[in-house]
Amino acid sequence: MVELAPQAPVHGEGQSQGNKALLAQPSLTQSYAGDTYNTAVYIARGGVSVSYVTLLGDDPYSEEVLTRLSGEGIDTGAIARLPGRCPGLYMIQNTPDGERYFTYWRGEAPARELFADPVRREALKAHLLQMDCLYLSGITLAIMGEEARVELLAFLAEYRAQGGRVAFDSNYRPRLWASADAAREAVGQFLQQADMALLTFEDEQALWGDKRPGSCVKRNTGFGVSELVIKRGAEPVLLQVDGELTAIDVPPVSSVVDTTGAGDSFNAGYLAARLQGASPEQSIAAGNRCAARVIGHRGAIIPRDDYLAVEKNENCTGGPQVVTMV
Ligand code: ADP
């Protein structure tokens, strides 16, 4: 999506005057982001080869998305283009404590057509079957058509039967779904096809009404998730692997500027490490490190040079591949 973010923090009056102060943004920075896009970018920066799958339009903004993905070394060969369409748009509003609010314009986004066209779908399946790991999010499911979602679910079973691994983040956004029941049904079905579930407890609470993390763990164990990660902001991350539950501390971050992309970048740090052979515990540390950097920056994507100047970029040579989907 096209991202519009405020250049300067919004001051305290935003809290007391409701939305009015938040709506009066003095100036905006325009960029590109989105949940799976953010994860794709940081996985690639972590040294794993990535192919990104979505649909774009034929407008200059779509062109720029492709340029940026290519600039990150991400394969864009499986991205379809729909004439006359342009990508979705969203605006971030930040409060002084770094929390954020989003407004979306995405009703016409071409990504909504993912897996819808039968001819494109077959070509896409062949592409996906070449990948070691496939990452997708609840937002992917929410914006797809229902028939396409059923097709994708059936494909995941085939993909896993052939040795592929599926990673999934429920990323529950109520406004994208017709009802909470519809979201629970779809998310539950996809979790049953997930080898790794990278969930945010707040989203899980909103979707399933969990009072405590224990109920989230129990439900996902029931779904058959063998590697479960539950993010809880600054609170310890919960990890359950093959039935064994541990809590892993999140190192404090001194300056939280904007939490946009926290969960996405955590997922990227986790998956990049995990796919390169790190243990789940080591991968959580990598996820925390990646998220800590992103929340110290305004917007979801830290400029590539700034990011890589700090991060030791171990380039992948023929290593594992991960596909991410919008
Ligand atoms: P989401 O962005 O999906 O809401 P969370 O808020 O749970 O996800 O944050 C994801 C990860 O980002 C956390 O597991 C942690 O690594 C990091 N993080 C988020 N907020 C903080 C914070 N206040 N201090 C330190 N780390 C944080």
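Okay, let's start at the ligand. There are 17 residues around the ligand, and the ones that come nearest are Thr200, Gly233, Gly263, Asn288 and Ala291. Keep in mind that this is a predicted model.

With Asn288 it's the side chain, where an N or O atom lies 2.7 Å from a ligand oxygen. How much of the ligand does the protein bury? On its own the ligand exposes 560 Å², and 87% of that is buried by the protein. If you look for pockets, the largest pocket is the space the ligand takes up.

Now, on to the nonpolar cores. The largest one has 44 residues, and the members touching the most others are Tyr37, Tyr42, Ile74, Val229, Tyr270, Leu271 and Ile284. Let's zoom in on Tyr42. Leaving out residues up to four places away in sequence, Tyr42 touches Ser265, Ala268, Cys290, Val294, Ala300, Ile301, Ile302 and Tyr307. Apart from that core there's another, with 42 residues, including Phe115, Leu152, Cys216 and Val225. As background, nonpolar side chains tend to be buried together in soluble globular proteins.

Note on methods
Residues numbered from 1 in each chain as written. Predicted model: local features only at pLDDT ≥ 70, side-chain atom pairs only at ≥ 80, totals over all residues. Heavy atoms only, no water. Core = buried A, V, L, I, M, F, W, Y, C linked by side-chain atoms within 4.5 Å. Buried < 20%, exposed > 50% of the residue type's maximum accessible area, 1.4 Å probe, protein only. Contact = heavy atoms within 4.5 Å. Near = heavy atom within 4 Å. Polar contact = N/O pair within 3.5 Å; in protein donor to acceptor, adjacent residues only side chain to side chain. Areas by Shrake-Rupley, 256 points an atom, 1.4 Å probe, with all protein chains shown as cover. 1 Å grid on protein atoms, 1.4 Å probe; cavity = no way out; pocket = protein on both sides within 12 Å on 5 of 7 lines; lining within 4 Å. Sits in = over half its atoms within 2 Å of the grid points.
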